[in-house]
Amino acid sequence: MYINGRKITLEELQEITDKLIGSLIHDLYDAIEQDGIAEAIPGSPDKQLSILNKMMKYYVDREQYEKCAAIRDLINITKALQNK
């Protein structure tokens, strides 16, 4: 596969996608902190929970436990609002 005229390996492509996903997750985390979950992740509580769970897995894998705790709290709040 070629990107910008340069042949890249499958490993390089995987590294690029991992960095892109990480960047998007960090940006989403910042948006949630700044604007709240409803603004950052519009849609149903099920959609919000799905995204929050993926974010949790990402931060657990990277051992960023402060962010995990914040996301855990958001998951609990979203579940509580969903059960009202």
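The model is predicted. Its largest nonpolar core holds 14 residues, and helix H3 gives the largest share of them, six residues. In soluble globular proteins, nonpolar side chains tend to be buried together.

**The largest nonpolar core**

- Among the 14 residues of this core, Leu52, Met55, Tyr59, Ile71 and Ile75 touch the most other members.
- Two or more residues come from each of helix H1 (10-35), helix H3 (45-61) and helix H4.
- The contribution of H3, six residues, is the largest share.
- Met55 is in contact with Ile25, Leu28, Tyr29, Ile32 and Ile71, when its neighbours within four places in sequence are left aside.

**Helix H3**

- H3 contains 17 residues, and the distance from its first C-alpha to its last is 24 Å.
- That span is close to the 24 Å expected at 1.5 Å a residue.
- The buried residues of H3 are Gln48, Leu49, Leu52, Met55, Met56, Tyr58 and Tyr59.
- The cover over these buried residues includes H1, helix H2 (37-40) and H4.
- After H3 comes Glu63, which has a positive phi, near 55°.

**Thr78 in helix H4**

- Thr78 belongs to helix H4, which spans residues 65-82.
- Thr78 counts as buried because its relative accessible area is 5%, and buried means under 20%.
- Not counting residues up to four places away in sequence, Thr78 touches Ile37, Pro45, Gln48, Leu49 and Leu52.
- Of these contacts of Thr78, Gln48, Leu49 and Leu52 are also listed among the buried residues of H3.

- Ile3 lies in strand S1, which covers residues 2-3.
- Ile3 has a relative accessibility of 31%, so it counts as partly exposed; this class lies between the limits of 20% and 50%.
- Together with Met1 and Ile16, Ile3 forms a nonpolar patch on the surface, with about 270 Å² of accessible area for the three residues together.
- Ile8 is located in the loop between strand S2 (6-7) and H1.
- Because its relative accessibility is 6%, Ile8 counts as buried.
- With its neighbours within four places in sequence left aside, Ile8 is in contact with Met1, Ile3, Leu13 and Ile16.
- From Ile8 to Glu63 the separation is 55 residues in sequence and 29 Å in space, C-alpha to C-alpha.

Terms used: Residues numbered from 1 in each chain as written. Predicted model: local features only at pLDDT ≥ 70, side-chain atom pairs only at ≥ 80, totals over all residues. Heavy atoms only, no water. Patch = residues over 30% accessible without salt bridge, like charges linked within 9 Å, V, L, I, M, F, W, Y side chains within 5 Å. Areas by Shrake-Rupley, 256 points an atom, 1.4 Å probe, with all protein chains shown as cover. Salt bridge = Lys/Arg side-chain N within 4 Å of Asp/Glu carboxyl O. Helix = DSSP H or I, 4+ residues; strand = E, 2+ residues; numbered from the N terminus. Buried < 20%, exposed > 50% of the residue type's maximum accessible area, 1.4 Å probe, protein only. Contact = heavy atoms within 4.5 Å. Core = buried A, V, L, I, M, F, W, Y, C linked by side-chain atoms within 4.5 Å. Expected span 1.5 Å × (residues − 1).
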